[in-house]
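Please examine the fold first as a whole and then residue by residue. The explanation below is meant to be read alongside the sequence and the coordinates.

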Amino acid sequence: MKPAAAPARLRAPLSLMALALLAACGGGDDGGGFPITLNERPTWLGTISTASYDGTTNDLLTAGLGKTGLAAAAPAVTDANDPAQLRRLAIHTNYRAIVDITANGGYGTLYGPNVTSDGQVTTGE
């Protein structure tokens, strides 16, 4: 069964509304009067930096601390402007905040960076 068509007196206003909505979508500014330029870094963004992680000395899970480093005392920060040191301290602090690091709690035997997804305990860090 086909839906009923709109009455003739509504077709023109509906068409005009649709055209108005389409015209609004093609605007050339961000709504604040600033023109949009694609693929250009905004001036307010500041410097863009990148980081590289080799997966061994500075991995994403332990920041290079490994199983032993996560269980040890917090790593020292010698340069408060070094993002790598701050990241390492943040990972250490956050990991210890949510995980029981004690051996009696199962760390290193039931879970941890050295336990594989199928529960096998490895000698790795």
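The model is predicted. Its protein chain contains three helices and zero strands, so that, by the DSSP assignment used here, the order of elements from the N terminus reads α-α-α. Among these elements are helix H1, spanning 8-25, and helix H2, spanning 66-71. With regard to contacts in the protein chain with a separation of 6 or more, 38% join residues 24 or more positions apart.

Turning to the interior, 18% of the 125 residues in the protein chain count as buried. The largest nonpolar core is made up of six residues: Leu-65, Leu-70, Tyr-95, Val-99, Ile-101 and Tyr-107. Leaving aside residues up to four places away in sequence, Tyr-95 touches the core members Leu-70, Ile-101 and Tyr-107.

The surface comes next. The protein chain exposes about 9,800 Å², of which 61% is supplied by carbon and sulfur atoms. Trp-44, Leu-45 and Ile-48 make a nonpolar surface patch of about 400 Å². One of these residues, Leu-45, lies in the loop between helix H1 and helix H2. Is Leu-45 buried, partly exposed or exposed? Leu-45 counts as partly exposed because its relative accessibility is 42%, a value between the 20% limit for buried residues and the 50% limit for exposed ones.

Terms used:
Residues numbered from 1 in each chain as written. Predicted model: local features only at pLDDT ≥ 70, side-chain atom pairs only at ≥ 80, totals over all residues. Heavy atoms only, no water. Core = buried A, V, L, I, M, F, W, Y, C linked by side-chain atoms within 4.5 Å. Buried < 20%, exposed > 50% of the residue type's maximum accessible area, 1.4 Å probe, protein only. Contact = heavy atoms within 4.5 Å. Patch = residues over 30% accessible without salt bridge, like charges linked within 9 Å, V, L, I, M, F, W, Y side chains within 5 Å. Areas by Shrake-Rupley, 256 points an atom, 1.4 Å probe, with all protein chains shown as cover. Salt bridge = Lys/Arg side-chain N within 4 Å of Asp/Glu carboxyl O. Helix = DSSP H or I, 4+ residues; strand = E, 2+ residues; numbered from the N terminus.
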